[in-house]
Amino acid sequence: MGKHREIVEKQKNFFEKGITKNISFRMEMLKHLKKVILENEKLILKALKDDLNKPPFEAYATEIGIVLDEIDYVIKNLKNWTKPKKVKTPIFHFLSKSFIYPEPYGVVLIIAPWNYPFQLVLSPLIGAIAGGNCAIIKPSEYSSNTSKILSKIINENFKSDFITVIEGGSEVNKSLLEQKFDYIFFTGSVRVGKIVMEAASKHLTPITLELGGKSPCIVDEEANIDLAAKRITWGKFLNAGQTCVAPDYLLVHKNIKEGLIKNIIKYIKEFYGDDPRKSPDYPRIINKKHFIRLSKLLEDGEIVYGGEVDEDDLYLSPTIIDNIDWNFEIMKDEIFGPLLPVLEYKDLDEVINKVNGKPKPLALYFFSNNKEKEKKVLEDIPFGGGCINDTIVHVASSYLPFGGVGNSGMGSYHGKASFDTFTHYKSILKKSNMFDINLRYPPYRNKIKAL
Ligand code: NAD
């Protein structure tokens, strides 16, 4: 596919003109992006409804609104971030000055998944534009309606040598990954993350990997049970569980397990009614492949609520599964659907050991009013990020860098972290010519004594 090489070349030529380095250009493009999103809001909401049956409120809150907020935040801070920063200089460089210059990488590739198909393309794009880069965007072929609308709003409103959307499946990905980019930003599964990293290594291209994994949700006996249940129910069944930071499984203290499950059931009914299939607020599974994968996970354990399936409608009801064993299929890979396995524990140390025996999670949620235990969990378990007494909401802050660690990814973004991700920091020491100390120059003979 020589076509892709040509597009990358075109963007490289455009980048070399230096236009994207101009701060006013970056600001203008971010404002333009905001304008075209606002103009196409209805079409975006429709595409998200068609792809995932996303309710408009949820789609606005988790896809469009979050992107618009991020654009505003970046515009407000961009001037400050792009200024060269003066830093201290060691005494032996007396009369010299030191600066750190932010500079763009060049042409970046953004590959996105299907679960938040709008937001996960545009949030990194905001960082790429803010950093002064050109970008090629590859949305997921699974969320084809959103992919189409992204292609329309970007390709009709921006010059393709600056930013462009390329639609397609794995052949397109493969061909794109053969090109030499200056940065690759990938969001998706651990499996494909490894493919991307391998491809990037051939050109020594720096990367960010925003991956997934099993994010535990720990509920301590000193938690506010009712509120915990409400926030867990929201976070787990948002987008029908197809959220990278969804609480994957529950680890609940045995003394409160029954009460917690009872309350989660109460909130499922309150949020989605007795028959969630009829709720306008309950999304569907993205496609048959994922539906079948999820249906198989219903075979182990005891379904205490839900478990209804309808393949034609890609409907899987909010489901709670008790009596789970760590060896069950559902505990092996990220669930990425509306199934909530429940495991009970007696002692927090036991939980910490268990979680630490698994790959480092993208998110972790801990519900407790006990500060000592909170401290212990934060200090003793490595994970990407998370919440105390809530789920998911840490993602929606431009002040908090978002990213994984270990198997859940590398690098982070959102707010200033996005700017940093798409920026190389060039360190410069400006030497004074007023005088020169001879000590460092050869011959070194006898100089050791002078040190
Ligand atoms: P995926 O890895 O299957 O696909 C992601 C992207 O990679 C898509 O654009 C797809 O077209 C592309 N792709 C697929 N196969 C490829 C290949 N062989 N070579 C190159 N590119 C390829 O992931 P998905 O199913 O779209 O998304 C679900 C996964 O993404 C979950 O694991 C979830 O946790 C993760 N995720 C992570 C975050 C995060 O921010 N960390 C956010 C959302 C989703």
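Lysine 416 counts as partly exposed, with 18 C-beta neighbours inside 10 Å. In this classification a residue is buried if 20 or more other C-beta atoms lie within 10 Å of its own, exposed if 12 or fewer, and partly exposed in between, with C-beta atoms placed from the backbone. The model is a predicted one, in which local features need pLDDT of at least 70 and side-chain atom pairs count only at pLDDT 80 or more, whereas totals for chains, interfaces and linings use all residues. Residues are numbered from 1 along each chain as its sequence is written.

Lysine 416 lies in helix α14 (residues 416–421). Helices (H or I, at least four residues) and strands (E, at least two) are DSSP runs, numbered from the N terminus. With neighbours within four places in sequence left aside, lysine 416 is in contact with Asn77 and Trp81; two residues are in contact if their C-beta atoms, placed from the backbone, lie within 7 Å. Between the C-alpha atoms of lysine 416 and asparagine 438, which are 22 residues apart along the chain, the separation is 42 Å.

The protein chain contains 15 helices and 18 strands. Its radius of gyration is 25 Å, close to the 22 Å that the globule rule gives for 451 residues, so the chain is as compact as a globular protein of that length. The radius is taken over C-alpha atoms, and the globule rule is 2.2 Å times the number of residues to the power 0.38. Along the principal axes, the C-alpha atoms of the protein chain fill a box of roughly 80 × 60 × 35 Å. Buried residues make up 43% of the 451 in the protein chain. Of the contacts in the protein chain between residues at least 6 apart in sequence, 68% join residues at least 24 apart.

Two packed helices are described by the angle between their axes and the distance between the axes. Axes are lines fitted to C-alpha atoms, for helices over the stretch in contact, and angles run from 0 to 180 degrees between N-to-C directions. Angles under 35 degrees count as roughly parallel, over 145 as roughly antiparallel, 65 to 115 as roughly perpendicular and the rest as oblique.

Helix α4 (residues 56–82) packs on helix α5 (residues 119–130) at an angle of about 10 degrees, the axes being 9 Å apart; α4 and α5 are therefore roughly parallel to each other. Thr62, Glu63, Ile66, Val67, Glu70, Ile71, Val74 and Leu78 of α4 meet Gln119, Leu122, Ser123, Ile126 and Ala130 of α5. This contact of α4 with α5 has 8 nonpolar, 3 polar and 2 charged residues, where Ala, Val, Leu, Ile, Met, Phe, Trp, Tyr, Cys and Pro count as nonpolar, Asp, Glu, Lys and Arg as charged, and the others, Gly among them, as polar.

Helix α3 (residues 41–52) and α4 pack at an angle of about 110 degrees, with 10 Å between their axes, which makes α3 roughly perpendicular to α4. Glu41, Ile44, Leu45 and Leu48 of α3 form the contact with Pro56, Ala59, Tyr60, Glu63 and Ile64 of α4. By class, the contact of α3 with α4 has 7 nonpolar, no polar and 2 charged residues.

The shell around the ligand has 12 nonpolar, 10 polar and 5 charged residues. A residue is near a molecule if its C-beta atom, placed from the backbone, lies within 6 Å of it. Pro113, Asn173, Gly188, Gly212 and Cys244 come nearest of the 27 residues around the ligand. At least two residues of the shell are supplied by each of α7 (170–178) and α8 (190–202), and α7 gives the most, with 4 residues.

Several backbone features are located in loops. Most residues other than glycine have a negative phi, and most peptide bonds are trans. Leucine 204, in the loop between α8 and β7 (207–210), has a positive phi of about 55 degrees although it is not a glycine. Leucine 204 counts as exposed, with 7 C-beta neighbours inside 10 Å. Alanine 240 has a positive phi near 50 degrees and is found in the loop between α9 (225–237) and β9 (249–253). With 28 C-beta neighbours inside 10 Å, alanine 240 counts as buried. The peptide bond from proline 442 to proline 443 is cis, with omega near -5 degrees, and proline 443 is placed in the loop between β18 (423–430) and α15 (447–450).
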